[in-house]
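The sequence and the model are shown first, and a description follows.

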2 protein chains.
Amino acid sequence: MSLRHALLGLLAEKPASGYDLLKRFETSLAMVWPAQQSQIYGELAKLNEGGLIEITGTGARNRREYGITDAGRAELREWLTEPGLDLAFRSAALLRVFFLWTLTREEGTAYLERFARENRERLATLEAIRDNVEWTGDPAQIAGWLILEYGIRGSRTAEEWARWATEQLTEHLP
Amino acid sequence: MSLRHALLGLLAEKPASGYDLLKRFETSLAMVWPAQQSQIYGELAKLNEGGLIEITGTGARNRREYGITDAGRAELREWLTEPGLDLAFRSAALLRVFFLWTLTREEGTAYLERFARENRERLATLEAIRDNVEWTGDPAQIAGWLILEYGIRGSRTAEEWARWATEQLTEHLP
DNA sequence: TAACTCATGTAAAAAGTTACATGATTGG
DNA sequence: CCAATCATGTAACTTTTTACATGAGTTA
């Protein structure tokens, strides 16, 4: 149930509408927790009903702005301080690598080269963001900066790995 | 729909029962595509019904061994050679980092230190596996080795990042 | 013979995706 | 005034998780 906590976390920073939150999921949070529009609106309704967030204002075009409540802040805090740390993740791109041996060597290395290229491109994108954002000392922004740096280092590692893996496949596959 | 392809990929190597496959999901595949027992058995039934796999033998304790069919191999191949490359992933552990600024500096750094430690432990585990497995030249094993190396490099990068992030939080959070 | 591992199945709930549906406001 | 963006909602479907349920063979 991480989506609800992601929403609570975003609202802890400042009040926002479903639409505002959707935009954040499409940009900064896309990297660590993708979410669809339908899911966001649905979850907001539940959080509101449960008293973890509340409507703090309305605007044009039926806009509803939500703010986090004390109960919401407590729930967020509890989640953040939970002892367990789940390092698990799912990657369809890596899963495919597992079965690359069923293809020809050329097809296999082509896939890994594509993998490398995509990561190199993402690296460039993330570095551009890092270098163009105006970094104030805002606490929430600092957390975002840490994640961005994770993405940069991760992309670099993934690209280097993919180039190394291409070589291995070339050498070791018949 | 990656689970079905993961199953097809495993069966492309050699026939196996649902239980055998479950064990592989708990070990090697856990890193890139976790799956529950109920999901595996359900998907196997569907694949069998769809003619992508077939029963190739039975054993004690109601054991049923499945093998991949030509249709299954074709489906696997199609999936592996699809043009799109989905780099997206979900990480609850990273999502939490986004909201660390809502905690005290001590709580925040404690989380990142835990993050570092868990990754260091995983690194040690994976390196131990790499150093103790007997590496034959088997193509399927080589693919597994590439994934293992990805895990090793990724854990190392994550650990280093977490230590760096701890420093940043100490410096920049009030 | 008791505990453990092997072995499969299914039901219910939760989470996530895709698609459809609608309408207001704003900027060029 | 037209296109783009803002803004929300929901229905249907797929995927994943959790839990319950059962029983056969193996090992100490």
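## Contacts with the DNA and between the chains

In this predicted model, a polar side-chain atom of Tyr41(A) is placed 2.8 Å from a phosphate oxygen of DNA strand D. Two further side chains come from chain A and chain B, and the table sets them beside Tyr41(A).

| Residue | Distance from a side-chain N or O atom to a phosphate oxygen of DNA strand D |
|---|---|
| Tyr41(A) | 2.8 Å |
| Arg64(A) | 2.6 Å |
| Gln39(B) | 2.7 Å |

The elements that contribute two or more residues to the surface near DNA strand D are α2 (18–26) and α3 (37–49) of chain A and α3 (37–49) of chain B. That surface is made up of six nonpolar, nine polar and five charged residues.

Between the two protein chains, 70 residues of chain A are in contact with 70 residues of chain B, and the buried area is about 7200 Å², with 72% of it given by carbon and sulfur atoms. Leu85(A), Arg90(A) and Phe98(A) supply 11% of the area that chain A buries there, more than any other three residues.

Two salt bridges are found across this interface, one of which joins Arg77(A) to Glu107(B), with the closest N and O atoms 2.6 Å apart. On the side of chain A that touches chain B, α7(A) gives the largest share, 21 residues, and the residues of that side divide into 42 nonpolar, 14 polar and 14 charged.

Technical notes
Residues numbered from 1 in each chain as written. Chains lettered and ligands numbered in written order. Predicted model: local features only at pLDDT ≥ 70, side-chain atom pairs only at ≥ 80, totals over all residues. Heavy atoms only, no water. Polar contact = N/O pair within 3.5 Å; in protein donor to acceptor, adjacent residues only side chain to side chain. Helix = DSSP H or I, 4+ residues; strand = E, 2+ residues; numbered from the N terminus. Nonpolar A, V, L, I, M, F, W, Y, C, P; charged D, E, K, R; others polar. Contact = heavy atoms within 4.5 Å. Buried area = accessible area lost by both parts, 1.4 Å probe. Salt bridge = Lys/Arg side-chain N within 4 Å of Asp/Glu carboxyl O.
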